[in-house]
Amino acid sequence: ADGVQVDDVFLLRFLLSNKKGVDVAADKVRAALQWRKDNAELLTALAEGGRHPLEAEMSRFLFSGVTGALGGGEPVSVVRMGLSDFRMLMNTWSVDEVAEYLLFEKERMFRVCDAETRKRQRVVKSITVIDFAGFTMFGSKFDNRFFNALSASSKSSSTLFPQLQIKTVAINTPSYYAMVHKSLSAVMPKSSMEKMVMCPAKKTDTKNAMAECPFMRQFQGGTAFPPFLGGTGPTPRELTPPEEREDELPFDTVRITSRSYAVVELLIDHRDTMVEFEVLVDQYHLYMRAEVMPLKGDELASVLASQTKQISKTFTGLSIRSGDDEDRVKIEMHKKKKRRRWKPRAARTLDPRQLKLLLGSSSGAAANRDNKRMSLNPQMAPLKLQARDGLVKGAWRIPVIGRLIITFDNTFSRMRSKHVTFRIVSVPPPEDEEEQSWWDANWPAFASQAKWPASADDEWTCVVS
């Protein structure tokens with residue numbers, strides 16, 4: 001039912017990998033069959049073209065995917081270490097959850113190898129390329145817990161998927177690769193480490209690697225590798241940087257020093273706009289709150305006059321980077337759909353004094369009456385964001401035209417800086433039947449990513465998952 005035939009071809013891999021005798025191989029086969037029985041529902045879904053339940057979420061932080069196949073049918077998978085955010089990955093999911101996801105990625109490769117083996121009448125194995133371009137063990141994206149998940153996955157894989165791997169090739173390696181290799185050796189199975197080799201090629205994104213890489217010369221695998229590895233094959237979506245994906249907004253990160261704020265300011269130019277956020281703090285905790293300052297008078301009239309049908313069809317992405325107090329940062333925009341254009345926004349980082357000026361709290365009682373603010377729930381205002389909670393998601397419906405001000409507050413911390421990684425999307429409501437039709441057709445795909453209020457009664461409630 002799960003799409004894998006248990007026959008002589010299946011058993012052959014276990015016999016080849018267990019030289020201690022048939023009894024040992026038989027024990028491994030029983031363990032593999034029991035695992036398949038325990039995970040029958042998910043494996044059947046994969047056989048029918050489905051995805052792992054966590055794939056859409058994890059692929060935002062772990063950049064890995066299949067890029068092609070060599071002449072003998074050997075599938076090639078690539079991991080981009082420099083693009084992957086292991087800290088966000090491990091802060092959002094447990095070691096066991098990440099290990100399970102990696103194991104099911106091995107299952108996907110096993111299915112390809114099994115099909116090629118039956119087609120070519122010889123045992124076909126896979127190749128993994130680990131691209132270290134841009135990777136550092138000393139930055140904010142690295143987390144040792146990923147090595148623990150990788151270790152658990154590799155140990156299970158050696159039992160469940162014998163004879164799966166030819167080589168693991170490390171390319172674009174940093175100067176301290178020996179230290180990385182030593183760290184891996186401490187947690188990875190010996191059999192896995194024996195298959196790992198280092199390629200001398202460097203900066204493969206700027207030149208053809210065929211001359212420097214003995215592996216590529218041996219297998220003539222130029223078309224199996226994307227351009228960032230010096231090949232001529234296409235770059236699959238799962239290995240494309242987020243800022244280059246037309247259908248996805250990248251996350252951004254801001255560093256908030258001790259005793260300071262970071263502020264995100266967004267103009268809400270349509271009533272009933274939906275605002276969805278995803279946010280994660282790297283260590284300890286900080287506080288988050290959101291307020292709306294309704295526009296009035298000339299400012300409101302100006303916004304209403306500028307509203308057009310095109311704007312109402314716009315998804316808006318917002319990001320923030322730290323800088324000087326008065327620094328305004330131009331936001332990178334990415335198309336969601338070809339028929340939609342991005343509208344420029346701005347973001348700022350402010351100290352507490354400037355925040356009070358922005359909110360009008362130092363302008364006197366009259367100013368406060370004129371600029372009434374509504375505080376968005378959660379009424380645990382401010383919401384306490386803790387690193388152990390991982391990626392927190394929420395959504396608001398904004399019933400008025402105004403300025404949405406989201407504050408990440410670290411002023412209580414006397415010494416520690418925090419890194420906040422986040423993504424904010426605003427979606428104006430449909431205006432006519434044509435837009436409503438588009439909305440109805442595209443809503444299910446968008447809703448699967450956004451955490452939307454479940455009903456009108458929840459429109460002021462932050463939905464935390």
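Biologist: What does the chain have in the way of helices and strands?

Modeller: The predicted chain has 15 helices and 17 strands, and of its 465 residues 50% count as buried.

Biologist: And how much accessible surface does the chain have?

Modeller: The accessible surface comes to about 22,300 Å², and carbon and sulfur atoms hold 51% of that area. As for contacts with a separation of 6 or more, 81% of them are between residues 24 or more positions apart.

Biologist: Which strands does S2 pair with?

Modeller: With strand S1, residues 64-69, S2 pairs in the antiparallel sense over 5 bridges, and valine 66 stands opposite serine 77 of S2. With strand S3, residues 126-131, S2 pairs in the parallel sense, again over 5 bridges, and here valine 78 stands opposite valine 129 of S3.

Biologist: What sits in the hairpin of S1 and S2?

Modeller: There are 5 residues between the two strands, and in that hairpin glycine 73 takes a positive phi near 90°.

Biologist: Which residues other than glycine have a positive phi?

Modeller: Asparagine 172 is one of them, with phi near 55°, and lysine 203 is another, with phi near 50°. Most residues other than glycine have a negative phi.

Biologist: Where are those two, and are they buried or exposed?

Modeller: Asparagine 172 is in the loop between strand S4 (165-171) and helix H8 (177-187), and it is buried because its relative accessible area is 8%, under the 20% cut-off. Lysine 203 is in the loop between strand S5 (196-198) and helix H10 (214-219), and it counts as exposed because its relative accessibility is 61%, over the 50% cut-off.

Biologist: What does asparagine 172 have to do with phenylalanine 132?

Modeller: Phenylalanine 132 touches Asn172, and leaving aside residues up to four places away in sequence, the residues it touches also include Met81, Ala170, Ile171, Thr173, Pro174, Tyr177 and Val180.

Biologist: Which residues have the most contacts inside the largest nonpolar core?

Modeller: That core has 34 residues, and those with the most contacts inside it are Leu89, Val98, Phe132, Phe135, Phe146 and Val180. Two or more residues each come from helix H5 (86-92), helix H6 (95-120), helix H7 (145-160) and H8. Apart from this core lies another, of 26 residues, among them Val264, Val281, Leu404 and Phe408. In soluble globular proteins, nonpolar side chains tend to be buried together.

Biologist: Changing topic, what is the mean pLDDT of the chain?

Modeller: The mean is 75, and 73% of the residues reach 70 or more. Over residues 354-375, however, the pLDDT is below 50, although the model gives this stretch 42 contacts beyond near neighbours in sequence.

Biologist: Which other stretch stays under 50, and how many contacts does the model have there?

Modeller: Residues 447-465 stay under 50, and for them the model has 46 contacts beyond four places in sequence. Where pLDDT is low, the predicted coordinates should not be read in detail.

Conventions:
Residues are numbered from 1 along each chain as its sequence is written. This is a predicted model: local features need pLDDT of at least 70, side-chain atom pairs count only at pLDDT 80 or more; totals for chains, interfaces and linings use all residues. Side-chain values use heavy atoms; hydrogens and water are left out. Two strands pair if DSSP finds at least two bridges between them. Helices (H or I, at least four residues) and strands (E, at least two) are DSSP runs, numbered from the N terminus. Buried means under 20% relative accessible area, exposed over 50%, partly exposed in between (1.4 Å probe, protein chains only). Contact means heavy atoms within 4.5 Å. Accessible areas come from the Shrake-Rupley method with a 1.4 Å probe; for residues, only the protein chains shown count as cover. A nonpolar core is a set of buried Ala, Val, Leu, Ile, Met, Phe, Trp, Tyr and Cys residues joined through side-chain atoms within 4.5 Å. pLDDT is the predictor's confidence in each residue, from 0 to 100.
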